[in-house]
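Hi,

Here is the structure I promised to pass on. Have a look at it first, and my notes follow below.

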Amino acid sequence: MKILKNLSLLPYNTFKINALANEMVVIENDNELENLHLNQKPFLVLGGGSNILFTKNFDGIILKNEIKGKAIIDETEEEIALNIKSGENWHEIVMWSVENNWNGIENLALIPGTVGAAPVQNIGAYGVEIKDVLQYVRFYNFETRKFEQLNNSECQFGYRDSIFKRSLKNKIFITDIGIKLKKKNHHYKTDYGNIKDELKKQNISELSPRMIANIVIQIRKSKLPDPAEIGNAGSFFKNPEVSEEVLSKIKNQFPNVIYFPTNENRFKLAAGWMIEQCGLRGFEHKGAAVHTRQALVIINKQNATGESILELAQIIIEKVYQTFGVKLEPEVNIL
Ligand code: EPU
C-alpha cells in the first residue's frame, strides 16, 4: 500500500483534467483493503480514469486500483473460466483471450479502462456487453467489512448500468471478476452495422476472435479519439430509449432518424446522430469540443477545465431537447 499526498489527478483521468486530491492510496492486493480505515471520509475507486469527469477538486481519499493477476480456474473441452483481478487493463485481457483463440469478448477490444470498471457500467460495444460472459463479481464491502460476491443476475445489469452504480455505489471496492469464454463452437456477434460492412468490404468469410478484434480495433481507431493523444472519455452520453409514440413523432420531422429496437416496444436512438443533426459536430466551447468523427464524444481540445466540459454537455442536452424533445443523460461519471 502506497500513500501519496496533495497531488494532481491529471495523469489519472483520460479527460486530462487538472483536479487536485489531498490523498491517494494505491491498493496492490486484496488484504490491504481489510486494513484500510477511511474514517468516514468520502472515497473514490479509480481504475483507468477513463469514464470520469472531475469538475472540482476531490475532497476525500482516492483509492487507486493496482491489484493485478489473471488465472484459469476451470476448463472443459468447450469452455474456459477465468478469474481476473480488477486492476488489470481490460484491453490486455481481451488480447490475451484473442491470442488463445477464446471467444466472447473480442467485440470489446480497445475499450479503455480497467477490469474492475467493466461490470460497473456493463461495458458494451458492437452488440456485446460484459454481462454476456460474466459469471461473478467479487468485492470488498466497506460497510460490512467483508469480501462478498454477486453472481451475474444479482448484478442487476442494464444498458451501461448495474447494482454497482446504484445501491452499492460508494460502498465497495471490486477485486475480481469471473468470466466464461468459449474454446469451441464459437459464436460470433457480427450483426452490428460496422462489423458487417467491414467483413464484406474485406471479403472475410473465415472468422476468428482475432479477426473480429482486429476489425473492432480498426473501426474504433477510425472514429474514436485515442485518449493518449487527446483528452476524452468515450461516449459522453447514453443512447436514449424512447417509446414508439415518441419515435413516430420524431420520424415525422426526421424521416432518417437512426434507431434500434430494444425489448418491450422501446427504441434506442443514436445520440451521436441527434447531436450531429443539431449542427453541433465540431462545436467548441472554452477549450472543449464535440468530436468531429463521432459526435457522442466530447474532447478536451485545448486545456479545457472540467466545468467547461460540463457546460458544453449542458449546451448539447439543451439543444437536443429543443430539437427532439428527448433529454440526453451522461454516460460519464461526473464528480
Ligand atoms: N452516428 C451519426 N453521427 C455521429 C455518431 C453516430 O450519425 O456523430 C450514427 C452512426 O452512423 C450509426 C449510429 O449513429 O448509425 C450509431 O453509431 P456508432 O456505431 O458509432 O455507436 P454509438 O451508438 O454512437 C455506442 C456506444 C459506444 C460503442 C458503440 C459501438 C453508447 C453510449 N456508446 O455508440 O461505446 O463503442 O456503440 O457499439 O452506448 C462508450 O461507451 O464510451 C463507447 C464508445
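How far apart do the C-alpha centres of domain 1 and domain 2 lie? They are 21 Å apart. Before the rest, some housekeeping: this is a predicted model, where local features need pLDDT of at least 70 and side-chain atom pairs count only at pLDDT 80 or more, while totals for chains, interfaces and linings use all residues. Residues are numbered from 1 along each chain as its sequence is written, and side-chain values use heavy atoms, leaving out hydrogens and water.

On the domains: the assignment gives domain 1 (2–65), domain 2 (70–182) and domain 3 (231–334), with bounds from an automatic or database domain assignment. In domain 1, 15 residues are in contact (heavy atoms within 4.5 Å) with 19 residues of domain 2. Together these two domains bury about 1,300 Å², 61% of it from carbon and sulfur atoms; buried area here is the accessible area (1.4 Å probe) lost on putting two parts together, summed over both. Asp30, Leu33 and Asn65 supply 41% of what domain 1 buries against domain 2, more than any other three residues.

Now the ligand. Its shell has 22 residues, the closest being Tyr126, Tyr159, Asn239, Glu276 and Ala295; a residue counts as near if one of its heavy atoms lies within 4 Å. Domain 2 and domain 3 both contribute to this shell, so the ligand lies between them. Helix 7 (271–277) is one of the elements supplying at least two shell residues, and gives the most, with 3; helices are DSSP runs (H or I, at least four residues), numbered from the N terminus.

For polar contacts (N or O atom pairs within 3.5 Å), ligand oxygen atoms lie 2.7 Å from a side-chain N or O of Tyr159, 3.2 Å from a polar side-chain atom of Lys223 and 2.9 Å from a backbone N or O of Ser235. The protein buries 83% of the 820 Å² that the ligand exposes when taken alone, by the Shrake-Rupley method with a 1.4 Å probe.

Cheers

Key:
A polar contact is a pair of N or O atoms within 3.5 Å; within protein, one must be able to donate a hydrogen and the other to accept it, and residues adjacent in sequence count only if both atoms are side-chain atoms.
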